[in-house]
Amino acid sequence: MSVTMPPRDEAVLARRDQIVAALRRIVPGEGVIATEREMRPYESDGLTAYRQLPLVVVLPSTTEQVSQVLRYCHDAGVKVVPRGAGTSLSGGALPLGDGVLLGMAKFNRVRSIDFADRVAVVEPGVTNLAVTKAVEHAGFYYAPDPSSQIACTIGGNIAENSGGVHCLKYGLTTNNVLGCELVLMTGEVVRLGGAHLDAGGYDLLGIVTGSEGLLGVVTEVTVRILQKPETARAMLVGFGSTEAAGDCVGRIIAAGIIPGGMEMMDRLATEAVEQFVHAGYPLDVEAILIVELDGPRVECDHLIEQVSGIARDCGALTLRVSTSEEERLLFWAGRKAAFPAVGRISPDYYCMDGTIPRAKLPYVLQRTRALSAQYGLRCANVFHAGDGNLHPLILYDANQPGELERAEAFGADILRLCVEVGGVLTGEHGVGVEKRDLMPTMFSDIDLAHQQRLKCAFDQKGLLNPGKVFPVLSTCAELGRMHVSGGRLAFPDIPRF
Amino acid sequence: MTDTLAPRDAGEVEAAVRWALGAGKTLEIVGHGSKRAFGRPAQTDATLDLSALSGVTLYEPTELVLSARAATPIAEIEALVEAAGQALAFEPMDLGPLLGQPPGAGTLGGVVATNLSGPRRLKAGAARDHVLGFTAVSGRGETFKAGGRVVKNVTGYDLPKLLAGSFGTLAAMTDITIKTLPRPQTEASVLVLGLAPAQAVAAMAAAMGSPFEVSGAAHLPAAVATAAGVAALPGGVAVTALRLEGVAPSVAHRRESLLALLAPHGSCADLDAGASRALWRSIRDVTPFAASEGGDAAASPVWRVSTAPSRGAALAAAIASACDARILFDWAGGLIWVALPPSPDAGAAVVRGAVARCGGHATLVRAPAAVRAVVDVFEPQPAALAALTRRVKESFDPQGVLGSGRLWAGV
């Protein structure tokens, strides 16, 4: 592990038995897990390079229990790491050896569905796909669809502001969540938003979404559900270069078309996927583009004709349009299985998540190829082409000494490159521990201090998920200091009247 | 006389806030001043006039992104993106006419700071959903940035959402980056005539629950429909309107489908693109309640109530049973504009009582300053949330330099 975590609180470690006993009084029975063997499954999340056993695992099942656990930890000065399904790819749920791991798996009920208001109220441990499953009998679905949607939970989606392949048209988690119940580190319970839109006052729901479990613990979520489009058809287009594919994406958007999904894969990713899924992807091209168009049949037909014309103008080598729902799903099955498929052709892989202005794609891919040669590691590229979100998958073998470190250094270079061209470090996987120390490439100390003071407003003692997102831990007292020298401040000749 | 500082660039904005900090003064942030009458009247020592911070600095239509200085006129931005076949999908309303100001004024910063949106809110989101990044000077007198210029970004907290709707109480934005989207090629509206509010909400729920991608759902009772000033509307009858936007063949298909779906709800009609556009502009700007309509209109309070759509009719009925209210329903019944006769509390007891029973929140958008000084403009918050709000305010503006009291006392 190359990331330094907060210093261990020896006093807390010494009081472990006492803390476990106190938690057992709040959450009875199997809800507290304290043996090493049983805690082992919680030692890491989807970023498996980082592992740490927690102090103790607690699995509450009611808001009241969450509130009591947090209040107890607040008063006792014990750190807390919240966890959903543990699918984070950035180490957001990485435990702390001196911290309580708060698992939200027991919050797994769909509480209510209201088709007239087009909302569902669910507990945070409900999986992303289960929301759609709960409403699809009436023709509805929940729009954000991260590739991990079978396993990942709505609570985790809020923490990371998850996207998916359809977010270009239908938005991210933050655009599809209307309200939540949030427990603060003090145990206080607040409600943000609800079945109505745009609650007045500060948009705290907007802040909590994507906050990586640093501000509070979500215990209930109100999401927007949508009626499924009448039809959806996917196009599978092959290009002789990633540049041509990228150009095609730009021209589709310039034509005023926002497809339901628009995904790109390079040759290495395509080959890996095809061996795994047999989706019928062309193997003699440098890049494939999956473009999904949805809406009424007449609209799909109209737009498919337009996109086909644009693709031909961009030099498409192959072009197939799905003719059945099975075929459409097959096109997507390959894309959605891209990560595990790459996992089959390499002992290990490291998934990156930068976002760039789309026009910079050819340059970024060219630089990535150069880095690949420099580090001696292969890199497969999967790309949410419509919104510029890159997922380079760096192939390595953890059993070869030094390869993990090389993979991490390669990944960090890619992310610096994303920032250099005007993009960002992470599009949807979160900063977590993984990109924490890269934050200064994008933000100044002053930028980061403004964000950290916001955390102080929610968590004055800094006990909730510390060591994530921010590279330097400062106390709220240090962050709050201000140097104002009355009357002597620089005051140039600002027009004044 | 109130002191006014008019910085010419972002650096001078920082200097101005530092001056205020050092001198112990409070600042009201103003762009064009078109929304000054919106919010709790704050007692500030000086005005921070940002109007010189104007101009689009980046617009890349194929990247769907635009950056501009905070006080760039929103009309300039809308004209620029329209010329490129794009639009601000959140359809920001023009508050001017409602507040007794000329139409077409206002800045990007003002739109963001008040989190404006329009009828398309229910499909495309509000300003908060379209702000990608910003640079601002906080109440600590420090310039900071957050977000970026790309849509998919979870690098750090989503501060652009926090600044949206903060009414200038956290930071003075100097530069803002927003998302642009293709403008719908054409539009049409399907109308259901003569419905009572409860029936209208049911019809709108049916339309919104259909796969026909309705991008506007509003109900105008007969008198309000007449005051909408849209010539194509049939006179003297309540109008429930559903908007369809997109490419021509799709709009034509969905218009037929929606007419068939809504036929059981009542007598239907439809509007072609031109008339539809006029109708939705009138709904967007709440033209029936515009201050220029009638002599004492400016004194007549207007409330904006947001609730779950299915409770809209009951909430409106609760208000209407207690006082002489004119009501316009947008967002499929989830947004209720209420115009009331002048009264010392602007009808707060009635409106807030109805909201307490039905759920949601109420904002007093228009009322004389003296009324807004004594009646909560924004929905009062439960204690824990109010305390959290105050701590958030203090984290950006510990000395209360910026716009303090615009939302609630001290915030």
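A polar contact is a pair of N or O atoms within 3.5 Å; within protein, one atom must be able to donate a hydrogen and the other to accept it, and residues adjacent in sequence count only if both atoms are side-chain atoms. By this rule, 33 residue pairs are in polar contact between chain A and chain B, both residues at pLDDT 80 or more. The model is predicted, so local features need pLDDT of at least 70 and side-chain atom pairs count only at pLDDT 80 or more, while totals for chains, interfaces and linings use all residues. Residues are numbered from 1 along each chain as its sequence is written, chains are lettered from A and ligands numbered from 1 in the order in which they are written, and side-chain values use heavy atoms, with hydrogens and water left out.

The interface of the two chains was examined further. Contact (heavy atoms within 4.5 Å) involves 103 residues of chain A and 91 residues of chain B. About 7800 Å² is buried between chain A and chain B, and carbon and sulfur atoms give 60% of this area. Buried area is the accessible area (1.4 Å probe) that two parts lose on being put together, summed over both. The interface also holds 6 salt bridges. A salt bridge places a side-chain nitrogen of Lys or Arg within 4 Å of a carboxyl oxygen of Asp or Glu. Asp447(A) and Lys145(B) form a salt bridge, with their closest N and O atoms 2.5 Å apart. Helix H18 (residues 445-458) of chain A supplies 9 residues, the largest share of the side of chain A that touches chain B.

Chain A is divided into domain 1 (110-227), domain 2 (231-339) and domain 3 (346-430); the bounds come from an automatic or database domain assignment. The C-alpha centres of domain 1 and domain 2 of chain A lie 29 Å apart. Their contact takes 8 residues from domain 1 and 11 residues from domain 2. The area buried between these domains is about 900 Å², with 51% from carbon and sulfur atoms. On the domain 1 side, Val165(A), Leu168(A) and Lys169(A) lose the most area to domain 2, together 59% of what that side buries. Between the two domains there are 2 salt bridges and 5 residue pairs in polar contact. Asp145(A) and Lys336(A) meet through their side chains in a salt bridge (3.4 Å, N to O).

Chain A also contains an open sheet of 7 strands, in the order E15-E12-E14-E13-E17-E18-E16, with antiparallel pairing. Helices (H or I, at least four residues) and strands (E, at least two) are DSSP runs, numbered from the N terminus. Two strands pair if DSSP finds at least two bridges between them. At the edges stand strand E15 (318-321) and strand E16 (348-351) of chain A, each pairing on one side only. The twist averages 15 degrees from one strand to the next. Axes are lines fitted to C-alpha atoms, for helices over the stretch in contact, and angles run from 0 to 180 degrees between N-to-C directions. E16(A) is joined by 4 bridges to strand E18 (residues 389-396) of chain A. There, Tyr349(A) has Leu395(A) as its bridge partner. Helix H10 (residues 242-254) of chain A packs on this sheet, and its direction makes about 170 degrees with that of E13(A).

A further open sheet of chain A has 4 strands in the order E1-E2-E4-E3, with mixed pairing. Strand E1 (32-33) and strand E3 (79-83) of chain A each have a single partner strand, so one side of each is left without a neighbour in the sheet.
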